[in-house]
There are 2 protein chains.
Amino acid sequence: MRILRVAMAQMNPTVGDIAGNSRAIKRWIKEARKAKADVVAFPELAVTGYPPEDLLLKPRFVADNLRALDDIAKACIGVLAVVGHVGQGPAANGTFRQSVVAAGQHELTNAAALIGERGVLCRYSKWLLPNYGVFDESRYFHPGRTLPIITLRGATVGLTVCEDIWFPDGPTRLQAAAGADVIININASPFQIGKSRIREQMLATRARENGVIVTYTNTVGGQDELVFDGNSLVLDQTGAVVARAKSFQEDFLVADLNVDAVARHRMVQRRTKALSAKQAGAVERMTVRLPAAPKRTFVVSALEPLWDELDEVYAALVLGVRDYVRKNGFKKAVIGLSGGIDSAITAAIAVDALGADNVLGLFMPSPYTSQESGEDVAELARRLGIACDTIAITAMFDVYRHALSTAFAGRPVDVTEENLQARIRGNLLMAYSNKFGHLVLTTGNKSEMSVGYATLYGDMAGGFAVIKDVPKTMVYELSHLRNAAGKSPVIPKRVLDRAPTAELRPNQKDEDSLPPYPVLDPILKAYVEEDRSLEEIVAMGFDRAVAARVIGLVDRSEYKRRQAPIGIKITHRAFGKDRRMPITSGYRIS
Amino acid sequence: MRILRVAMAQMNPTVGDIAGNSRAIKRWIKEARKAKADVVAFPELAVTGYPPEDLLLKPRFVADNLRALDDIAKACIGVLAVVGHVGQGPAANGTFRQSVVAAGQHELTNAAALIGERGVLCRYSKWLLPNYGVFDESRYFHPGRTLPIITLRGATVGLTVCEDIWFPDGPTRLQAAAGADVIININASPFQIGKSRIREQMLATRARENGVIVTYTNTVGGQDELVFDGNSLVLDQTGAVVARAKSFQEDFLVADLNVDAVARHRMVQRRTKALSAKQAGAVERMTVRLPAAPKRTFVVSALEPLWDELDEVYAALVLGVRDYVRKNGFKKAVIGLSGGIDSAITAAIAVDALGADNVLGLFMPSPYTSQESGEDVAELARRLGIACDTIAITAMFDVYRHALSTAFAGRPVDVTEENLQARIRGNLLMAYSNKFGHLVLTTGNKSEMSVGYATLYGDMAGGFAVIKDVPKTMVYELSHLRNAAGKSPVIPKRVLDRAPTAELRPNQKDEDSLPPYPVLDPILKAYVEEDRSLEEIVAMGFDRAVAARVIGLVDRSEYKRRQAPIGIKITHRAFGKDRRMPITSGYRIS
């Protein structure tokens, strides 16, 4: 029986940290050797991390990344590695004997190198470069045009990178037609709600329709706005998931791929079109000779469960915070606690990410702060086991108002004074950050950010926006989830029950300024995430005046969001990287 | 003699304002009719403004833009118009009888429509879509694949859009080979230092090498980070500039193109390769019948001078501020005046953009503010003729320190206290903005933004960053320029002479924290604008330790720049749209 043992290192690289990422790769290669694997796959751009963005414009960075491959090769004793990295040189040329190509060949590619002890054996360059949503690959990379097909321990193997496998008529079909039994696909596929299931459906279809085994190695970890969920997979030639790695943590998956079963399946029912002459011209065949397979017994691969959607979201937020804090060299976070649910869930996430000892709350009451808020903050801090300081803002608010009294004489009190309170709080949080080196986590949710119900330099001040892509209605869901998860609820019941309020003037309620969240959130989803027009939103059953008002608020608050700290993305269209709107805009709803 | 009279409307659209842009287009069409022009050209994406970014993802927006063409057509009585707009439908299909194509054809193109009284006569879709620097066109548009060639009053005319003309082997060469005498090229080409000259060199070369007349119609005006400089041109078949529109303002240029001269030139010396069969297949020929030409005498076209580089920069900053303020519905601006040169030049620019009555200064002294600063602010305000309020920040600074004294007990005074002062000032400016509706203009220059020598939510707080792409050394040059321009200098001599200081602690000088600006600025240019490595910068003659320190400061302050307000771009690589760096990065100089 022909068996190919493939290991998959679901690793957590840091963008730009070529040395650190290479060390991790070499460590996993050793693991693979211990596991008697024939080949170990690493994620897309594992050497540089994903997405390297404009670091790619630095020639030195690309050169360092290529040199790292030579170093990685030295670890490949008795095992091959498929390593995502930045290729350089003519994209058409898949096979290299040297990893550093001649000078003067500046085309960059998003590449997978097959590496043996003596260096890079061959290189596949990604054909299909995503340039939508959070992806900007056309800015940097040239598409590949060759298709290496590698014979390895009797198995015929094709390599692809991420997007390549999403298209039915992409390289996978050609590789299958060229005889591939196994597709080693490497990825940096960011999390978004619902994607883990869609991805499995797609991979099952792709494996089945091509009659090939697919190994899907994904990245894991937080990188600025993105969180990669892991969930690496092996699917057999019938589309069945035969191995699945963990969600939201590093993992190492080993699978024995039964190549004979593929051959049998192919003879019975594989439907592949023959290659055209031009397509056949792209194929580059090579055979890699490995020493005789060591004695090994068939491994039973891990088959971790897929998680529920809300569990995934919570885990994404925790991992996003943990990695942003850690990878940027912070240890502790400070959070303004108001007694409201947004800061409560943010604190719970931070505690789960960093540990209670590394989270500090700061309660900053004003005369408009209710007694309940103070009690709830204290109770939350007690339950979470975090320290919490209290600094009243009244004295500062008074002295600002006094200083401005001449200039503002005769003008009514308005949003200016509300913003001042929020900005005093922002200043205090930043002072804590500057003095102690803690990262400020902001607590604004997607609903309020969308309509601009937030103060620039006030509650928007901070280093990382934890729930900026989480609508208010989902903030409640996550809070209930978190409360049900522990031995006892961490978020006090009154926080969940009280009507949302900014407490910036007497008896203020969010609903004085905004539609109720169960109305607001679906309108925002339709307008922001789905780019629906007012007419379409009205046709969905929403009140025209309400919908028009919401749309106007979204359009007019773009300038605020542009200055918001970055934060974790959990939908296909968050404010940030993947939504590029002009600030200066005469666009009016119609 | 065959004469084609072409008018060029160098207009200032607002992104998204389809109704307003269409009105302007119709107004210019009337002008063109009065000028007895055969055809009038408008800039690239004149209907939507440039760049529309994610507004293009709204189907309603694209439909509105197409409907506008029908409306514009009604104005085309006796004159044709070439109008930049968003095309929809198969990019391969250049000729449409109807401007709104059948549903289900979702490909968008960056298109130039030739419009007559009865609607769109034909459409050219941009072939070459820039996707670098500030451009993201591959995210939105499909490339065109056809080449309409129009016969018009005996002249053979080709249409192209912007980037198309920058490539020697692009559509221009094919159009010339297909017989074009005249290329009507429409543009949204943003200003950057030195570009107006490079553009003319390129266009002269392109006209000469193809033996065609080129009309180059550019956009003018500010749009968020971008400023379009105008400088529309006509170049004859020898590459000579025969007409040039104004810099940095709307203009209307009329030129009589001598088509016979092109024919003569062609017979003598045009060097064009014949079209291949495939290329010829892209050509779509059509003839537009116009009424007999009205009686008209040969026009002498305007030939405005090109400006000196520094004059261009100053004008770009003025126009950028004026349009950002105006297009966003503001009228007045407020600026924190410190007595330093950055706020002085910002105020001068604001006064030139908005008028002295629309600029308010705010002086916010602390105990560290020198007497000279106060005197210089008063003198600057007097010379500029602007009002200036004074609010001391001492009381606020004291009350913050008192409020934080328990939490910070035993900790030494550090940058926290400096930032607090800057943030109090930011709060006061924002309070003015909120109360009076003025836009806050920030005063940080490129040198200090690059190394993070600025306070987030402090001096970085505001709506628009006027000089964020201007290095400190150029701030001085601009100040001298402005002082020499008026009847008497507006910036007091002492402001120009004093050593730069943030005045956030006693006797502080910028040079305590940073290398002298004449050393810092070229290192920043090499590292930020040219992506040079430390080794290359050392090889340029800079001290290794200094260069390494600067690079480290740049890399570590990315998180601050991400939260900076948008501002005017004058180089090919400003912080903002055209520099996409990860915040979380393990990249270390080596």
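Which residue forms a salt bridge with Asp323(A)? The partner is Lys327(A), with the closest N and O atoms 3.8 Å apart. A salt bridge here is a side-chain nitrogen of Lys or Arg within 4 Å of a carboxyl oxygen of Asp or Glu. Asp323(A) is buried, at 2% relative accessibility. Lys327(A) is buried too, at 11%. Buried means under 20% relative accessible area, exposed over 50%, and partly exposed in between (1.4 Å probe, protein chains only).

This is a predicted model: local features need pLDDT of at least 70, side-chain atom pairs count only at pLDDT 80 or more, and totals for chains, interfaces and linings use all residues. Residues are numbered from 1 along each chain as its sequence is written, chains are lettered from A in the order in which they are written, and side-chain values use heavy atoms, without hydrogens and water.

Lys493(B) bridges to Asp497(B), with the closest N and O atoms 2.6 Å apart. Both residues are exposed. Shared partners also join Asp136(A), Arg139(A), Arg580(A), Asp136(B), Arg139(B) and Arg580(B) into one salt-bridge network.

Now the contact between the chains. Each of chains A and B gives 80 residues, where contact means heavy atoms within 4.5 Å. Between the chains there are 12 salt bridges. One of them links Lys435(B) to Asp414(A), with the closest N and O atoms 3.1 Å apart. Over all chains, the whole structure holds 93 salt bridges.
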